[in-house]
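Welcome! Here is a short tour of a structure that may be new to you. Have a look at the sequence and the model, then read on.

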Amino acid sequence: MVGMEWKAKTATQDVPGKSAKMASKQLRVAIPSNLRIAEILSPSPASLPACAAYEQYLRLPELTKLWSDREFTEWGNETVLKPALQALEITFRFISSVMSDPRPYANRREWKRRLELLATDQVRIIAVLCEYGEEDPETSGTAPVVDLSSTNGVLMRDGSSKEVWKAPGESPIVSRTSEASLLPRLAEWQKSEDIAQKILYSIECEMRRCPYTLGIGEPNLSGKPNLEYDLICKPQELHRLRNTPMDHIQNYENQTLCATHQILESWIFVTKMLLNRISVKIDKEDFDRASSDCWLLERVWRLLAEIEDLNLLLDPDDFLRLRSDLRIKATDESEALCFRSKGLIDVMKCSKELKHKVPRILGVEVDPTGGPRIQDAAMNLYRGKGRFEKIHLLQAMQAVEAAVKKFFYAYKQMVVMVFGSLEAKASSGSVDSLSQIFLEPTYFPSLDAAKTFLGDFWSHESRRR
């Protein structure tokens, strides 16, 4: 075993009551011998041809343009909310595809449950994004909304609005239905009526804390303004990208694979935007809002794992035949197929690089001699609780680390089940790239050591009583 040691003596100078015996202890963190420190490197994307084929299959250049276009320059929340709404809209298309699947052996019941849960989880995150946008003074009140209460119950001729109810002496409450979204159509289709209605009521419930609602077709019983969903999301342009260059292949799992990864890439883009926002807020020392975004980032990483798990429902024979047609195979350059996503590699690296923000959060500089300056500052912060928003942020950053490692561990298990165990094995003699990610030592060794020594201190204090 290879040991990594931190001397405890200097780390405990600011902790009163620490005995000499306690100070002489050492903390050992062990990692497998076949995972040498020199080998712990951030993985690189797959070969250029493999990445290009992946992007062409998913039509990523066109999707990226839709995510990145700024239609409302004064709306600061657009960069994160637009791709999130588009991922939700692709999910509606996915539901339509699953319910139209003619194969008698398709696991339609489990697909419905999984996609309903996925849509609901996305709505929860979107609702939080909307709430945070209205709580932030820089973005509050800038969302493009339409106030339907000002119409006095007059319905638009194009049928995009409908009156829900009117209490005596009250203004009419109007619910707006998107003209371009697939969700209202799913709600009128017998096969998908139940799942669509559940999603609509989920939107109604999750948006309760926000001053506006999405305006897709939810009841809007509070009579709140509606987001300009069709202008923001552009469902018609989005659904034009459902066709892949490989549509000539007669395999229904082709649509499934494409929809799953288009949703995944949309949320990867959201992750990238969140990481940028977190970095800016930390630099501005807005630690409270940085903490909120960091916890949201952790939830998005868990959502990415949920999306990848949809691959577990692929029919084995149909998918492996499709895999052969698409020539999906791990190479020596990158044995993990997920490394064909440059966006995934980027957000993984950026999530890891949050560790460089710790000194700024703690208000100290890194000791060039390798001393425990950051560790001491963390221990004082944990014990003092004077700046609790900093504690919240540091906790959230460590939660992000855990979510990243869980994602790649779950991905490896998914590959074993879908492709077979041979695909998940390293093509070289040492530990494979996926295992390096979730076996890597903590991104935050100073925070880890601070908690270890603080726990040791309180254990010692309890024995002295």
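**A first look**

With a relative accessibility of 1%, Glu78 counts as buried, because buried means under 20%. Its salt-bridge partner is Arg70, and the closest N and O atoms of the two are 3.0 Å apart. Arg70 itself counts as partly exposed, at 38% relative accessibility. Please keep in mind that this is a predicted model.

**The chain as a whole**

- The protein chain has 19 helices and 6 strands.
- It is made of 465 residues, and 53% of them count as buried.
- Take the contacts between residues at least 6 apart in sequence: 74% of them join residues at least 24 apart.
- The accessible surface of the chain is about 21,800 Å², and carbon and sulfur atoms account for 51% of that surface.

**The nonpolar core**

- In soluble globular proteins, nonpolar side chains tend to be buried together.
- Here the largest nonpolar core has 129 residues, and the members that touch the most others are Trp267, Trp301 and Phe408.
- Which helix gives the most to this core? That is helix α16 (residues 388-419), with 15 residues.
- Leaving aside residues up to four places away in sequence, the contacts of Trp267 include Ala84, Ala87, Gln122, Ile125 and Ile126. Leu304 is also one of the residues that Trp267 touches.
- Leu304 has its place in helix α11 (residues 287-308), and at 0% relative accessibility it counts as buried.
- Although Leu304 and Trp267 are 37 residues apart along the chain, their C-alpha atoms are separated by 7.2 Å.
- Beyond residues up to four places away in sequence, Leu304 touches Leu264, Trp267, Ile268, Thr271 and Phe407.

**Salt bridges**

- Side chains of opposite charge can pair when their charged atoms come close.
- How many salt bridges does the structure hold? There are 26 salt bridges.
- Arg124 and Asp121 meet through their side chains in one of them, at 2.7 Å from N to O.
- These two residues sit 3 residues apart in helix α5 (residues 108-135), so about one helical turn separates Arg124 and Asp121.
- Arg124 is partly exposed, with a relative accessible area of 32%, whereas Asp121 is buried, with 16%.
- Another salt bridge links Asp293 with Lys281, the closest N and O atoms being 2.9 Å apart.
- Because Asp293 lies in helix α11 and Lys281 in helix α10 (residues 253-283), this pair ties together parts that are 12 residues apart in sequence.
- Are Asp293 and Lys281 buried or exposed? Both Asp293 and Lys281 are buried.

**Helix α19**

- Helix α19 (residues 445-464) has 20 residues, which at 1.5 Å a residue should span 28 Å; the C-alpha atoms at its ends are 29 Å apart, in agreement with that expectation.
- Its buried residues are Leu447, Ala449, Ala450, Phe453, Leu454, Phe457, His460 and Glu461.
- Why do the buried residues of α19 line one face of the helix? Seen down the axis of α19, they fall within an arc of 160°, so they share one face.
- An α-helix has 3.6 residues a turn, so residues three or four places apart point the same way.

Terms used:
Residues numbered from 1 in each chain as written. Predicted model: local features only at pLDDT ≥ 70, side-chain atom pairs only at ≥ 80, totals over all residues. Heavy atoms only, no water. Helix = DSSP H or I, 4+ residues; strand = E, 2+ residues; numbered from the N terminus. Expected span 1.5 Å × (residues − 1). Buried < 20%, exposed > 50% of the residue type's maximum accessible area, 1.4 Å probe, protein only. Arc of directions from axis to C-beta. Core = buried A, V, L, I, M, F, W, Y, C linked by side-chain atoms within 4.5 Å. Contact = heavy atoms within 4.5 Å. Areas by Shrake-Rupley, 256 points an atom, 1.4 Å probe, with all protein chains shown as cover. Salt bridge = Lys/Arg side-chain N within 4 Å of Asp/Glu carboxyl O.
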